[in-house]
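Please work through each task with the structure in view before reading its solution.

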Amino acid sequence: MTARVSDEVLGRGDSRVEAYVVEPSLGRVRAGILFLHWLGEHRSDRTQFLSEARAYAELGVRSVLPAGRLPWVPDPVDAETDAANLELEQRRLAAALVRLRDGLPKGAPLALVGHDFGAMHGLVLASRTPRFQAAVLIAATPRWADWFLRFWKVDGDRFGYLRRLSPYDPITSARELRAATLWQFSNRDFFIAPMSALELARAAPGEPVIEWYSADHAMRSAKARASRAAFLSRELNLG
């Protein structure tokens with residue numbers, strides 16, 4: 001079974017989002033995965049997980065890989081603007097989720113895979129839309145301010161900013177998860193302290209699986225990729 005890749009524009013108005021849709025060229029689609037990419041020095045766009053999505057298509061999986069917006073473009077600037085842009089990102093991801101589910105068999109399992117900012121946006125989506133059976137969260141931080149206040153020039157009071165964005169914080173969303181979770185972190189991540197990683201992962205209900213790899217924030221690890229493939233195969237019944 002080969003993969004068919006289409007380049008699509010999903011949603012309407014300001015919720016429009018460019019996305020790759022990868023699915024089997026023949027045969028029945030039996031599961032779906034939403035892939036959300038990172039912000040970094042290589043493949044900092046919707047191509048990041050494209051090779052993984054092609055491999056899943058051979059197992060009968062449809063994948064949707066939307067382009068991230070905040071903070072790729074625009075930059076964080078202040079509490080109200082950033083909260084509005086976080087809300088807009090959720091509408092864009094909702095459009096991607098509609099495309100992911102379109103025409104799938106009733107009860108077909110869905111999964112989320114996100115890295116860095118993709119994982120953080122994905123956590124908010126998964127907490128609001130409990131349709132995911134499984135989620136793989138890679139190198140995420142507990143709060144948006146962990147990044148935005150540190151690396152961007154943000155106007156206004158620091159504590160007011162933290163309060164305003166707290167409803168969107170990944171650690172707030174993690175407490176509402178209903179999916180089985182796999183958390184992947186690096187023990188050589190310059191940006192995320194182990195204490196912060198554990199704070200986020202342990203906020204999820206149940207017994208989240210937490211894995212550590214000898215990588216950096218980019219998480220270019222064949223072992224990590226193999227582990228999430230095994231996790232998704234099990235949770236999506238792809239075996």
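Two residues are in contact when heavy atoms of each lie within 4.5 Å. The model examined here is a predicted one.

**Exercise 1. The nonpolar core**

Task: Describe the largest nonpolar core, and list the contacts of Ile33 beyond its sequence neighbours.

Solution: 
1. The largest nonpolar core comprises 79 residues. Those with the most contacts inside it are Ile33, Leu34, Phe132, Phe148, Trp183 and Leu232.
2. Among the elements, helix H2, residues 79-101, gives the most to this core, namely 8 residues.
3. For Ile33, set aside the neighbours within four places in sequence. The contacts that remain are Tyr56, Val61, Arg62, Ser63, Val64, Leu100, Ala111, Val113, Leu232 and Leu236.

**Exercise 2. His217**

Task: Locate His217, decide whether His217 is buried or exposed, and identify the partner of its side chain in a polar contact.

Solution: 
1. His217 sits in the loop that runs between strand E8 (209-213) and helix H8 (222-235).
2. Its relative accessibility is 6%. Because buried means under 20%, His217 is classed as buried.
3. The side chains of His217 and Asp116 form a polar contact of 2.7 Å.
4. Beyond four places in sequence, His217 is in contact with Trp38, His115, Asp116, Ala139, Trp147, Asp189, Phe191 and Ile192.

**Exercise 3. Ser44**

Task: Place Ser44 in the fold and state which backbone atom its side chain reaches.

Solution: 
1. Ser44 belongs to the loop between strand E3 (31-36) and helix H1 (50-57).
2. The side chain of Ser44 reaches the backbone nitrogen of Gly40 at 3.1 Å.
3. Not counting residues up to four places away in sequence, Ser44 touches His37, Trp38, Leu39 and Trp72.

**Exercise 4. The cavities**

Solution: 
1. The search finds 2 such cavities.
2. Sorted by class, the lining of the largest cavity has 5 nonpolar, 4 polar and 1 charged residues.
3. The second largest cavity holds about 30 Å³ and is lined by Ala126, Thr129, Pro130, Phe132, Leu177, Arg178 and Ala179.

Note on methods:
Residues are numbered from 1 along each chain as its sequence is written. This is a predicted model: local features need pLDDT of at least 70, side-chain atom pairs count only at pLDDT 80 or more; totals for chains, interfaces and linings use all residues. Side-chain values use heavy atoms; hydrogens and water are left out. A nonpolar core is a set of buried Ala, Val, Leu, Ile, Met, Phe, Trp, Tyr and Cys residues joined through side-chain atoms within 4.5 Å. Buried means under 20% relative accessible area, exposed over 50%, partly exposed in between (1.4 Å probe, protein chains only). Helices (H or I, at least four residues) and strands (E, at least two) are DSSP runs, numbered from the N terminus. A polar contact is a pair of N or O atoms within 3.5 Å; within protein, one must be able to donate a hydrogen and the other to accept it, and residues adjacent in sequence count only if both atoms are side-chain atoms. On a 1 Å grid over the protein atoms alone, a cavity is a set of points where a 1.4 Å probe fits but cannot get out, and a pocket is an open set with protein on both sides within 12 Å along at least five of seven lines; lining residues have an atom within 4 Å of a point. Grid points are joined across faces, edges and corners, and a volume is the space filled by probe spheres set on the points. Ala, Val, Leu, Ile, Met, Phe, Trp, Tyr, Cys and Pro count as nonpolar, Asp, Glu, Lys and Arg as charged, and the others, Gly among them, as polar.
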